[in-house]
Amino acid sequence: MHIHLISVGNRMPAWVEQGYAEYAKRLPPECRLNLIEIAPARRGKNPDIPRLRRDEGQRMLAALPKGCRVLALEVEGRTWSTEQLAARLADWLQQGSDLALLVGGPDGLDPACRQAADEHWSLSPLTLPHPLVRVILAEQIYRAWSLLNHHPYHRA
């Protein structure tokens, strides 16, 4: 199974790239994490936010690999404990189909992305900066994998 993190934003700070890469490289080939960056729409003075969000959403949906299970990350989604995420990951691995995680831009996800999602996941009720979400997602997926595989990384 491949996990595709489809995220609006590019030109991330070095600490984001390093943090993401550190956890992504720890994952085994059967649970590979693949980052697909979607360039954010240009926001000038008085931007038309719905139009910009729609543009980003269309490009996110176009980047979805065929046959993926789609999870939209948003504040209104369901929250999972580490143990619940590990159980979900076990289910996804058993199903064998790829997984796509959609992370919107500064103005959130387009409604079309929400509609296309099979599930909605919230990392926190807090509003998190989008660059940090990449690192948190990579770390939590690695943590869930380590829990499933009795790796000492997870010590709860």
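**Note on the largest pocket and the packing of H5**

1. Strand E3 gives the largest share of the lining of the largest pocket, 4 residues. E3 covers 69–78, and H5 also gives two or more residues to this lining. Helices (H or I, at least four residues) and strands (E, at least two) are DSSP runs, numbered from the N terminus.

2. The model is predicted: local features need pLDDT of at least 70, side-chain atom pairs count only at pLDDT 80 or more, and totals for chains, interfaces and linings use all residues. Residues are numbered from 1 along each chain as its sequence is written, and side-chain values use heavy atoms, without hydrogens and water.

3. The largest pocket holds about 350 Å³ of space. Its lining counts 19 residues, and Leu 73, Glu 74, Val 75, Leu 128 and His 130 are the closest to its centre. A pocket is an open set of points on a 1 Å grid over the protein atoms alone, where a 1.4 Å probe fits, with protein on both sides within 12 Å along at least five of seven lines; lining residues have an atom within 4 Å of a point.

4. By class, that lining has 10 nonpolar, 6 polar and 3 charged residues. Ala, Val, Leu, Ile, Met, Phe, Trp, Tyr, Cys and Pro count as nonpolar; Asp, Glu, Lys and Arg as charged; the others, Gly among them, as polar.

5. H1 (residues 14–26) and H5 (residues 130–148) have axes that come within 8 Å and cross at roughly 15°. The two helices are therefore roughly parallel (under 35 degrees). Contact (heavy atoms within 4.5 Å) involves residues including Trp 15 and Tyr 23 of H1 and Leu 132 and Tyr 142 of H5. The contact residues divide into 9 nonpolar, 1 polar and 3 charged.

6. H3 (residues 82–95) packs on H5 at about 80°, with the axes 8 Å apart. That makes H3 roughly perpendicular to H5 (65 to 115 degrees). Among the residues that meet are Leu 85 and Leu 89 in H3 and Ile 141 and Trp 145 in H5. This contact has 10 nonpolar, 2 polar and 2 charged residues. Axes are lines fitted to C-alpha atoms, for helices over the stretch in contact, and angles run from 0 to 180 degrees between N-to-C directions.

Technical notes:
Parallel < 35°, antiparallel > 145°, perpendicular 65-115°, else oblique. Points joined across faces, edges and corners; volume = space filled by probe spheres on them.
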